[in-house]
Each structure stands twice: as C-alpha cells, then as structure tokens.
Amino acid sequence: MIGAGAHGFPSKQNYRYANLASFQDYLDSFSTERKDSIAWFDNLSDEDSLGEILSLGLRTSSGIKLETLRSYSGFNESSFMLKVESLVKENFIILHGDILQLTAKGQEVADSVILALNQVSCISL
C-alpha cells in the first residue's frame, strides 16, 4: 500500500501491515537511513487470514470468490456452505456462481453476517 497511514493485506501472504501514519514521517522514511515506511507488521494464521478475507472482501461490491477461501488449509467448506445457504434464504447474502456478496439488507448488518460466517469458516483443531 502506498501512502501515509495506509494498511495492507496482500492476498495469500498471511500478513497485514500499516504504513507510518504521519505524512512527514512517511516522506522522511524514503530519504533517511530508515528506508522503511512500515509502522507495524503482523503475521497471520490461516484462520486469521480467512477472517480478514471475510471481513474485508464482503464489504466490497465485488465480494469474495469461494475459490479464494478454499485455498486456505483448515477451511471448513461444508459448515461454511450450510451457513451461506441459511444467509441466502434470509436475504443477507447472494451467491452468483463462485462469488459471495452481501445484499443491501446484509450490508446493514455486515458485522453480524461476517461474524456468523467467520465462526464456521475454519475446522477446529
């Protein structure tokens, strides 16, 4: 991510980070010995990464590809899809082929929908 205060979560990289928040510090990071604009960096487990994908992806108009979720070890597709079916019937989400998206009704309660999906997305080890 480029810019002061920008946050990043590169797909399938299992980490997230934030740039320096101060614009001046961010600019100075390119002209000093520091040469690093990163303020913090977190390594994520697959479970945490799935949570990030659900939290961030469902809030976009493009939604989430189920293929992306399937690529994570520990993804519990059977439980997840049962919850998806329930949320589709309640008109909180729609499933277009391999794309999962929030409906207008789902956008109003996005945190609750995402929490419900996140609770069933991983196999408990």
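1. Begin with Lys65, which stands opposite Ile99 in strand 6. The model is predicted. Lys65 falls within strand 4, residues 64–65, and strand 6 covers residues 99–102. These two strands run antiparallel and are joined by two bridges.

2. Strand 6 has another partner in strand 5, residues 93–96. This pairing is also antiparallel, with four bridges. Look for Leu95: it faces Leu100 of strand 6 across the pair.

3. Check the turn of this hairpin. Two residues lie between strand 5 and strand 6. Gly97 has a positive phi there, near 60 degrees.

4. The largest nonpolar core counts 22 residues. Leu54, Leu58, Leu69, Phe80 and Leu117 have the most contacts inside it. At least two core residues come from each of these elements: helix 2 (46–57), helix 3 (66–70), helix 4 (77–89), strand 6 and helix 6 (110–120).

5. Which residues does Phe80 touch, leaving out those up to four places away in sequence? The contacts are Leu54, Leu66, Leu69, Phe75, Leu100, Leu117, Val120 and Ser121.

6. Finish with the rings. A search of the whole structure turns up one aromatic pair. Separately, look at Phe92. Lys105 lies over the face of its ring, 4.6 Å from the ring centre.

Conventions: Residues numbered from 1 in each chain as written. Predicted model: local features only at pLDDT ≥ 70, side-chain atom pairs only at ≥ 80, totals over all residues. Heavy atoms only, no water. Phe/Tyr/Trp six-rings, centres within 6.5 Å; stacked < 30°, edge-to-face > 60°. Lys NZ or Arg CZ within 6 Å of the ring centre and 35° of its normal. Pairing = 2+ DSSP bridges. Core = buried A, V, L, I, M, F, W, Y, C linked by side-chain atoms within 4.5 Å. Buried < 20%, exposed > 50% of the residue type's maximum accessible area, 1.4 Å probe, protein only. Contact = heavy atoms within 4.5 Å.
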